[in-house]
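Have a look at the structure, then read on.

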Amino acid sequence: MEKTFLMVKPDGVQRNLVGEMVSRFERKGFKLVGAKLMQMSDDMAKTHYDEHQDKPFYGELVEFITSGPVFAMVWEGENVIAIARDMMGKTNPLEAAPGTIRGDYGMTVGKNIIHGSDSPESAEKEINLFFQDNEIKTYSKQDSEWIY
Ligand code: DAT
Ligand code: MG
């Protein structure tokens, strides 16, 4: 089973959307295997967003993601990386389809509520950046036979 890293950004935490975000992925049928509320350090934010270091918005991005607590999660399921990205919607909430998270809750690209890994490589990098091995739980759930 594939794993992905998802994170409710500071705007989502402030806007009381943590429960809604967890609920959407739970109801889809994904399994929550790790979660914590945390404050990202400047170093961690720079590492997390290193692919954007040459972009004009990099400074703002690091400042925003460290501006308050984030809710970091690891979710497991078949094709969870791509499906979670679809559920999030396009990066710019103004272009994100209704029914997606950013389409339903966002208004600007800088405050787009949620982060999600975009490939198996970024999922592995991001899970390892945010979570220790013993914070990722392996367990069976009684609903799996009704989902798969
Ligand atoms: P995504 O979060 O959909 O993976 P990304 O990796 O291209 O998008 O960019 C990371 C974050 O950077 C994004 O969620 C919001 C911010 N961002 C992206 N493009 C931006 C832009 N043109 N202006 C300001 N912020 C931007
Ligand atoms: Mg990205």
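## A histidine on an edge strand

Met 7 has His 115 as its bridge partner in strand 4. Strand 4 covers residues 114-116, and His 115 lies within it. Strand 1 (residues 2-8) and strand 4 run antiparallel and are joined by three bridges. Helices (H or I, at least four residues) and strands (E, at least two) are DSSP runs, numbered from the N terminus, and two strands pair if DSSP finds at least two bridges between them.

Before going further, a word on the ground rules: this is a predicted model, where local features need pLDDT of at least 70 and side-chain atom pairs count only at pLDDT 80 or more, while totals for chains, interfaces and linings use all residues. Residues are numbered from 1 along each chain as its sequence is written, chains are lettered from A and ligands numbered from 1 in the order in which they are written, and side-chain values use heavy atoms, with hydrogens and water left out.

Is His 115 buried or exposed? His 115 counts as buried because its relative accessibility is 11%; buried means under 20% relative accessible area, exposed over 50%, and partly exposed in between (1.4 Å probe, protein chains only). Leaving aside residues up to four places away in sequence, His 115 touches Phe 5, Leu 6, Met 7, Lys 9, His 48, Tyr 49, Met 88 and Glu 126, where a contact means heavy atoms within 4.5 Å. An unreviewed UniProt entry places the feature "active site" at His 115; UniProt positions follow the numbering used here, feature names are shortened, and annotations may be inferred rather than shown by experiment.

Now the sheet: four strands form an open, antiparallel sheet in the order 2-3-1-4. Strand 2 (31-38) and strand 4 are the edge strands, each pairing on one side only. On average, neighbouring strands of this sheet are turned by 20 degrees against each other, direction ignored.

Axes are lines fitted to C-alpha atoms, for helices over the stretch in contact, and angles run from 0 to 180 degrees between N-to-C directions.

| Helix | Lies across | Angle |
|---|---|---|
| Helix 2 (residues 18-28) | strand 1, strand 3 (70-77), strand 4 | about 5 degrees to strand 3 |
| Helix 7 (residues 120-130) | strand 1, strand 2, strand 3, strand 4 | about 60 degrees to strand 1 |

Stepping back, the protein has eight helices and four strands. Along the sequence they follow the pattern β-α-α-β-α-α-β-α-α-β-α-α. Buried residues make up 47% of the 148 residues.
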